Amino acid sequence: MRMALIEAERPAASTGSPESALRDWVRALEATAPISRNSQRLLLDVIAEHAEKRGDAPALLAAHERLTYRDLAARANAYARWALAQNLAKGDIVSLLMPNQPEYL
């Protein structure tokens, strides 16, 4: 399965459309890109913020699945709880083996 963010031909209002999802991801990446200036800000922090503000807006789109920001944040939290239950800590290395699907992010 291939994931795709749909590219907007023209700017659209923040309506929860696929085009606004693409713009949200660009803003999220821009917000986390300057790691040296803001080393405590993670992409997952940005996802959580979007889940609060735009919970039902599309975040990731795939051929057979569509995740809202709320769905994406919930899955991220489930993986975080699993990692904590395994006593994983910052700096530990984990191998990920799973099919190409939205939650892979």
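**Salt bridges and confidence in a predicted model**

The side chains of Arg70 and Asp56 form a salt bridge, with an N to O distance of 2.6 Å. Arg70 belongs to helix 3 and Asp56 to the loop between helix 2 and strand 1 (58-61), so this pair ties together parts that are 14 residues apart in sequence. The model is predicted, and three salt bridges are counted in it.

- Arg70 is partly exposed, at a relative accessible area of 43%.
- Asp56 is exposed, at 61%.

**Salt bridge Glu65–Arg75**
- Glu65 and Arg75 pair through their side chains at 2.7 Å, N to O.
- Because Glu65 sits in the loop between strand 1 and strand 2 (66-68) and Arg75 in helix 3, the pair ties together parts ten residues apart in sequence.
- Glu65 is partly exposed, with 23% relative accessibility, and Arg75 is also partly exposed, with 26%.

**Salt bridge Asp24–Arg54**
- A salt bridge of 3.1 Å, N to O, joins the side chains of Asp24 and Arg54.
- The two residues link distant parts of the chain, 30 residues apart: Asp24 is in helix 1 and Arg54 in helix 2 (residues 43-54).
- Asp24 is buried, at 0% relative accessible area, and Arg54 counts as buried at 14%.

**Confidence**
- The protein chain has an average pLDDT of 76, and 75% of the residues score at least 70.
- Confidence is lowest in helix 1 (residues 18-32), with a mean of 75, and highest in helix 3 (residues 69-85), at 91.
- Over residues 1-14 pLDDT stays under 50, and the model has 33 contacts beyond four places in sequence for this stretch.
- Where pLDDT is low, the predicted coordinates should not be read in detail.

Key. Residues numbered from 1 in each chain as written. Predicted model: local features only at pLDDT ≥ 70, side-chain atom pairs only at ≥ 80, totals over all residues. Heavy atoms only, no water. pLDDT = per-residue confidence, 0-100. Helix = DSSP H or I, 4+ residues; strand = E, 2+ residues; numbered from the N terminus. Contact = heavy atoms within 4.5 Å. Salt bridge = Lys/Arg side-chain N within 4 Å of Asp/Glu carboxyl O. Buried < 20%, exposed > 50% of the residue type's maximum accessible area, 1.4 Å probe, protein only.
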